[in-house]
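Let's take a walk through this fold together, from the overall layout down to a few individual residues. Have a look at the chain first, and then we'll go through it piece by piece.

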Amino acid sequence: REDGEVRARIVVGTDGKVVPGLLEFLPDSDPTLAERLLEVLPQWRFRPAERVGRVRVRQLVLVTVRSKDRHTSVDLQPATRPEG
């Protein structure tokens, strides 16, 4: 395993799964880790976001995966919409 970092914006659907095709890698993401992330994302499950009244909604999430010294960490945060 190589050291590196990949950051991507994904959309989590109302079913808790990553919505296919709604993924954007941020600049400077490690291409090898990006490929690995593409392989595992369909297997990930999330608790769907909810609005008032417990209505499930899609959510934009920033995923950061870091690999260093044979250890991998994953950070998930609500993401802001890209400008433009």
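Before anything else, a word on pairing: two strands pair if DSSP finds at least two bridges between them. Helices (H or I, at least four residues) and strands (E, at least two) are themselves DSSP runs, numbered from the N terminus. This is a predicted model, so local features need pLDDT of at least 70 and side-chain atom pairs count only at pLDDT 80 or more, while totals for chains, interfaces and linings use all residues. Residues are numbered from 1 along each chain as its sequence is written, and side-chain values use heavy atoms, with hydrogens and water left out.

Now the overall layout. The chain has one helix and six strands, and reading from the N terminus the elements go β-β-α-β-β-β-β. Its C-alpha atoms fill a box of roughly 45 × 30 × 20 Å along the principal axes. Of the 84 residues, 32% are buried, where buried means under 20% relative accessible area, exposed means over 50%, and partly exposed is in between (1.4 Å probe, protein chains only).

Next up is the sheet. Four strands make an open sheet in the order S2-S1-S5-S6, with antiparallel pairing. Strand S2 (18-25) and strand S6 (71-78) sit at the edges with a single partner strand each, so one side of each has no neighbour in the sheet. On average, and ignoring direction, neighbouring strands here are turned by 25 degrees against each other; the axes behind such angles are lines fitted to C-alpha atoms, for helices over the stretch in contact, and angles run from 0 to 180 degrees between N-to-C directions.

Let's go through the pairs. Strand S1 (residues 4-12) and strand S5 (residues 59-68) run antiparallel over nine bridges. To follow this pair by eye, find Gly 4 opposite Ser 67 in S5, then Ala 8 opposite Val 63, then Val 11 opposite Leu 60. Ala 8 also has a bridge partner in S2, namely Phe 25. S1 and S2 pair in the antiparallel sense over four bridges, and their hairpin has five residues between the strands, with Gly 16 taking a positive phi near 85 degrees. S5 and S6 are antiparallel too, over eight bridges. Lys 68 has His 71 as its bridge partner in S6, and in this hairpin, with two residues between the strands, Asp 69 takes a positive phi near 50 degrees.

What about the helix? H1 (residues 31-40) packs on the sheet and touches S1, S2 and S5, its direction making about 35 degrees with that of S1. Contact here means heavy atoms within 4.5 Å.

Glu 5 is partly exposed, with a relative accessible area of 30%. Setting aside neighbours within four places in sequence, Glu 5 is in contact with Asp 28, Ser 29, Asp 30, Leu 33, Thr 64, Val 65 and Arg 66.

Asp 28 deserves a look of its own. Most residues other than glycine have a negative phi. Asp 28, in the loop between S2 and H1, has a positive phi near 70 degrees, and Asp 28 is exposed at 79% relative accessible area. Arg 54 has a positive phi as well, near 60 degrees. Arg 54 lies in the loop between strand S3 (49-51) and strand S4 (55-57), and counts as exposed at 68% relative accessibility.

Finally, the largest pocket. H1, S5 and S6 are the elements that give two or more residues to the lining, and H1 has the largest share with four.
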